[in-house]
Amino acid sequence: MEFEFDLIVVGAGSGGLAAAKRAASYGAKVAIVEVNKIGGTCVIRGCVPKKLMVYAAKCKENMDSSEGYGLKNEGINFESNILLKNVRKEVSRLSNLHRNSLNKLNITIFEGLGRFTNQNELEIICPKTKKIKNKISSKKILISVGGKPKKLDIPGIDLAWTSDDIFELENFPKSILIVGGGYIACEFASIFRNLGTQVTQLIRGQHLLNGFDEDLSLCLEESPTFTEINIISNTQLKTIERVNGNLESTLDSGVKLLTNNILIATGREPNLLPLNLDFLNLKMDGQYLDVDEFNQTSNANIFAIGDIINKPNLTPVAIEQGRVFSDNFFNDQKRKVNYENIPKAVFTIPEISTVGLSERKAIEIHSEKNIRIFKCKFTPMSNTFKENKSKCLLKIVVHKLTDKVLGCHMFGETSSEIIQMVSISLNAGITKKDFDITMALHPTISEEFVTMYG
């Protein structure tokens, strides 16, 4: 049977773009299908626009607390419409860059919703008219459609925002209720609070950032930003109603809250429903597509990467999965993705970064008697003359018997930049002794990683 393409990639996010470009570089005839702007979650409505907002929030926080350094101000006016407009402009620029790079590689772009008609064929649907625009076929199809925000099944939920909506705002609200305690919720709570919005955060558990090292969670809760946020723990949202232009939230405790807006940030889930996959009977791993070590589904012609498979849902992971897929199937390599020691960051103010095992996870795996913890907590020099006395925390998790470093965790400024380098060391199998014999660079925050004893 003749096929139009060697590879069709469904979804032009980070992973899909990486796979399409790599396959085309090997001479494959490639098509890519996207219903939204090219760039996916990270570029269009995730990491990139959110980080730009974090920079704005950091600038505001620094300006507000700089008088000790002799930098006086008579009050700073934050105009959120300017920030939001500039964020959208930058997102469009990056999307166009990706489009141009696809064109240079002669990758055919189909704009619309890709829907399976058989294991080798897709129809492209116009999202507005719902009419079929094209039918295309390929030897291999790679699904990389990413995730979508979860929505709570409660009355009035359509009145609330998800994270996707934040980047389309014209202005920031004066007050907001953020539902969720994970990294997306905490990042937006930090952004809004530092840029002047009154924030209430509703979490189902006792602490923020469930799953991260507990010392990091506690540091965040004690930070100047989050002590200004009204955190309501062990509580869930039951209903939402519109009241005189605002939104009234009813909690399971019976308490009612009135805010300008509500952001639901309770996680994300695979965006598989529009693809019409049911008739293919692909094997599932819970809500995710089940794949083997080469990202092949239970159908030999169909592959999946990114947030639709049960691996760490992170942009660099999806990019590597896409490149490995194309290296293997279009350049006869036998590569596998290395899922060990993946660094992670939460871009709150201050930020959190981590790589390797948390203290709790290390104890679960190796038992408490075999684990030794090194940590230090201090005020960084940059805060010496600031009213903001936010602390730094550095923490090392070590296996007593082998002296191997199992995890490194940090709360504080530039922690993401520091942990990125530390993750190289963990992949190389570094020991605590290796840390100890490394000369410190003074005066820095990161020097504490090589000067911690006892």
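Phe385 is partly exposed, at 49% relative accessibility; that class lies between buried, under 20% relative accessible area, and exposed, over 50%, using a 1.4 Å probe and protein chains only. This is a predicted model, where local features need pLDDT of at least 70 and side-chain atom pairs count only at pLDDT 80 or more, while totals for chains, interfaces and linings use all residues. Residues are numbered from 1 along each chain as its sequence is written, and side-chain values use heavy atoms, without hydrogens and water.

What does Phe385 pair with? Its partner is Tyr69, in an edge-to-face pair with 5.2 Å between centres and 65° between planes. Rings of Phe, Tyr and Trp (its six-membered ring) pair if their centres lie within 6.5 Å; planes under 30 degrees apart are stacked, over 60 edge-to-face, and the rest tilted. Tyr69 is also partly exposed, at 39%. The structure holds 11 aromatic pairs. Phe78, Phe167, Phe172, Phe188 and Phe192 make up one aromatic cluster.

Next, charges over rings. Lys311 lies over the face of Tyr339, 4.7 Å from the ring centre. The rule asks for NZ of Lys or CZ of Arg within 6 Å of the ring centre and within 35 degrees of the ring normal.

Now the cysteines. How many disulfides are there? The count is 0, with a disulfide taken as two cysteine sulfur atoms within 2.5 Å. For Cys47, the nearest cysteine sulfur belongs to Cys42, 3.0 Å away. Cys408 is buried, at 0%, and its sulfur is 11 Å from that of Cys376, the closest, so it is too far for a bond.
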